Amino acid sequence: MTVTLITGANKGIGYETAKQLIASGHTVYVGARDAERGEKAAATLGARFVQLDVTDDASVNGALATIGAAEGRLDVLVHNAGVLGDGDLDGPKALRVFDTNAVGIVRVTEAALPLLRASANPTVVTVSSSAGSFWAVNNPERVESTLPLTLYSASKAAATMLTVQYAKAHPGIRFNAVEPGPTATDMTAAFGIGRSPEESARVVVRLATLGADGPTGTLQDEDGVLPW
Ligand code: NAP
């Protein structure tokens, strides 16, 4: 049985990724910062729940300790939790967005590394964004070049770079970042855009189910590797 942890899995793309991985036989831990929302989602999905706020060291360490005690390893980690942080900019908002979208990846990865090393085929997927790609935001033919998402784009650039650097530092573990595609979730509700979370979750699932000979250190969307 493949043991999988997904952060921010109580709704949106994370929830649908959990659903699809459970259908393919994974034991999925739904990480959610709010216990009520997380427990409800896990019960509906047939998943396990761990309280996990990616901005809180004690919460992250507690979640990974729970999985370690129950499973002794972690095969797949999906960094999905994220916030948009649009609107007016100030220091506290910038800290919150970077803490969630970038620093949270460091917290969860570091806490998970001992359990990932215990897996025969460890895989880490970062749900990043092409809004954090220099190539996309400077390409007039791409929608990313029109989005005024300063903190989101900068923090997702950091998320993708963290993925590449972790891939270099840990050759025995695959680390890949993914752009899931524009998706209609609570995050994008104000823009009224996007396809269903089910469709975008398929892109995440593809990277989460790579074989041991799969790529590492890439940013991909549904068409393959993206320049960034
Ligand atoms: P969503 O429906 O708003 O889901 C975001 C999830 O992240 C929620 O479960 C949320 O929990 C959780 N979260 C936020 N802060 C957290 C924290 N500190 N600790 C733990 N969980 C936290 O948005 P989504 O569209 O599914 O986004 C999922 C991922 O896809 C994000 O990383 C996003 O940047 C990325 N993405 C989305 C799109 C798109 O078009 N939607 C495109 C590219 C990339 P709460 O319910 O407690 O708030």
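## Around the ligand

Sorted by class, the shell around the ligand has 10 nonpolar, 12 polar and seven charged residues. (Ala, Val, Leu, Ile, Met, Phe, Trp, Tyr, Cys and Pro count as nonpolar, Asp, Glu, Lys and Arg as charged, and the others, Gly among them, as polar.) Being near means having a heavy atom within 4 Å of the molecule. Of these 29 residues, Arg33, Arg37, Asn80, Tyr152 and Thr185 come nearest.

This is a predicted model, where local features need pLDDT of at least 70 and side-chain atom pairs count only at 80 or more, while totals for chains, interfaces and linings use all residues. Residues are numbered from 1 along each chain as its sequence is written, and side-chain values use heavy atoms, leaving out hydrogens and water.

Which side chain has a polar atom 2.6 Å from an oxygen atom of the ligand? That's Tyr152. Lys156 also has a polar side-chain atom, 2.9 Å from a ligand oxygen. Val54 uses a polar backbone atom instead, 3.0 Å from a ligand nitrogen. (A polar contact here is a pair of N or O atoms within 3.5 Å.)

## The cavity

The largest cavity has a volume of about 60 Å³. (A cavity is a set of points on a 1 Å grid over the protein atoms alone where a 1.4 Å probe fits but cannot get out, and lining residues have an atom within 4 Å of a point; the volume is the space filled by probe spheres set on the points.) Its lining includes Val54 and Lys156.

Key
A polar contact is a pair of N or O atoms within 3.5 Å; within protein, one must be able to donate a hydrogen and the other to accept it, and residues adjacent in sequence count only if both atoms are side-chain atoms. On a 1 Å grid over the protein atoms alone, a cavity is a set of points where a 1.4 Å probe fits but cannot get out, and a pocket is an open set with protein on both sides within 12 Å along at least five of seven lines; lining residues have an atom within 4 Å of a point.
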